[in-house]
Amino acid sequence: MNLNSNLSYLPENSRKGLQIADSRWQALRNNNLTPPTVISERNERLNDFDADIIISGGTLGILIAASLQKQGNQVILIEKGKLKGREQEWNISRDELETFVELGLLSTQELEQAIATEYNPGRVSFHKGYELWVEDVLNIGVDPVFLLEILKKKFLEAGGKLLENTPFTSATIYDNGVLVKADDTVLKSRLLIDGMGHFSPIVQQARKGEKPDGICLVVGSCAEGYPNNETGDLIASFTPILNQCQYFWEAFPARDGRTTYLFTYVDAHPDRFSLEFFMEEYLRLLPEYQNIELDKLDFKRFLFGFFPAYENSPLKMPWNRILPIGDSAGGQSPVSFGGFGSMVRHLKRLTLAIDEALKVDSLDQKSLSLLQPYQPNISVTWLFQKTMSVEVDQTVSPNQINELMSGVFQVMDRLGDDVLKPFLQDVIQFPALMKTLPLVNPKLVLPILPQVGVQPLLNWMVHYFNLAVYSGLYPVGKWVKPLIDNLSPQKQFYYHRWLDTWKYGSGGDYNKE
């Protein structure tokens, strides 16, 4: 790492962390990641259980752990280190946070305490193109340290068991349960939930070393010294295509400064640049982006990483009694960073579904796959990801992506908040898409088709059709709901899962009922 460059602004621990992340990114690009074998199966029965559920991965696992424990289930949460939130705030919209109150995890007062920052408005802007401002979208900064600490406290008070500094080692699936080895500890439960994220060893084994279909590279920092820190950027660009990708920026006011991110969408081709190079680019362009010299900034921390996305998502586990959640399931769209926002969106749905699965003992692979179903409103975003990325050997017009993005957002802005706001929160709805697409200038769309390719376009048409179908099935499903009360609990479980599938798969969860 060249410390004579702008990278000298990174403290030693950040430089080491960047090198570690870069090594993993290089191994992924070169197909040098060997999937582990941590799951095995035995055709025998367990005699007793330590809990109903074991959850591995505490940072976001505590959200579902606290919720499931409150439902009356016995939960053990294991975490490889200390269960503590990171310093960097999680950005989300206020209405999404109401889930914590609805589930009884936080009081209204506690929710307000968890909010570290709040700002308005947020900007959407593209190089040589359209600019708009929007209110109340991703404008809340949640304090992860406070949130996780209070959820941990409530989890323990409700009878939950937390094992810190206890990394997941392996698990054996039995006919009636799961035996989990975590460091030197052996635990038995009816269900194992994997909340260990994108690089979970369970996920790696399930995906068998499959390369991601898309990658979101992200670098950034939080620093004090910015002259203007009252507004945010939801997505902004001020350069054409550089290094075979389009650079996008985000900025949010933070409690201890201003957070800025540089991100881009790429594939995992071996010739893609390193995270170190991307951090160099971030620091090279940050002064122009925020109109300030680097020497005037007091950097508090640096952020970097890469987020893989798979078209085969959410992940269907090949085993009984294992359920992936959050980033482990790959349930986020390929244009988002996943993590906290995606987890909160599905928290209520997963809580009720897991509780019901336990009650009716529907814990086989087929039943649990209904808890992480195909969602056409996420699958349609693969085409959007393709339009915002460039292959290593492609030649495209330098401002092609900016022009298309500018044209699309101009149309959505004209159509109003009902179209614009769900899209900015990663919720795609058929009526909004149907209104937007015909109004986008064909001169912006046609040049993008060779860049995207025929197969992704055909796939998108299937997902778009399914989005329309799901949008129609959900209100019908709600209408017949009173008729299923006389069905067996097992059949009601399946009905509830299909209703959830249509609701979330059509973006119907965005509309509060």
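Visitor: Why is Cys 216 counted as buried?

Guide: In this predicted model, Cys 216 has a relative accessibility of 1%, and since buried means under 20% relative accessible area, Cys 216 counts as buried.

Visitor: What makes Cys 222 buried or exposed?

Guide: The relative accessible area of Cys 222 is 0%, which falls under the 20% cut-off, so Cys 222 is buried.

Visitor: How do you know how many disulfides there are?

Guide: A disulfide requires a pair of cysteine sulfur atoms within 2.5 Å, and by this rule the count comes to zero. For Cys 216, the nearest cysteine sulfur belongs to Cys 245 and lies 11 Å away, so by the cut-off of 2.5 Å Cys 216 is in no disulfide. For Cys 222, the nearest cysteine sulfur is that of Cys 216, at 19 Å, and therefore, by that cut-off, Cys 222 is in no disulfide either.

Visitor: Which helices and strands does the protein chain hold, by number, and why is the chain called as compact as a globular protein of its length?

Guide: The protein chain contains 18 helices and 18 strands. Along the principal axes, the C-alpha atoms fill a box of roughly 65 × 55 × 50 Å.

Visitor: What share of the residues is buried, and what share of the contacts joins residues 24 or more positions apart?

Guide: Of the 513 residues in the protein chain, 58% are buried, while residues 24 or more positions apart account for 77% of the contacts with a separation of 6 or more.

Conventions. Residues numbered from 1 in each chain as written. Predicted model: local features only at pLDDT ≥ 70, side-chain atom pairs only at ≥ 80, totals over all residues. Heavy atoms only, no water. Helix = DSSP H or I, 4+ residues; strand = E, 2+ residues; numbered from the N terminus. Buried < 20%, exposed > 50% of the residue type's maximum accessible area, 1.4 Å probe, protein only. Contact = heavy atoms within 4.5 Å.
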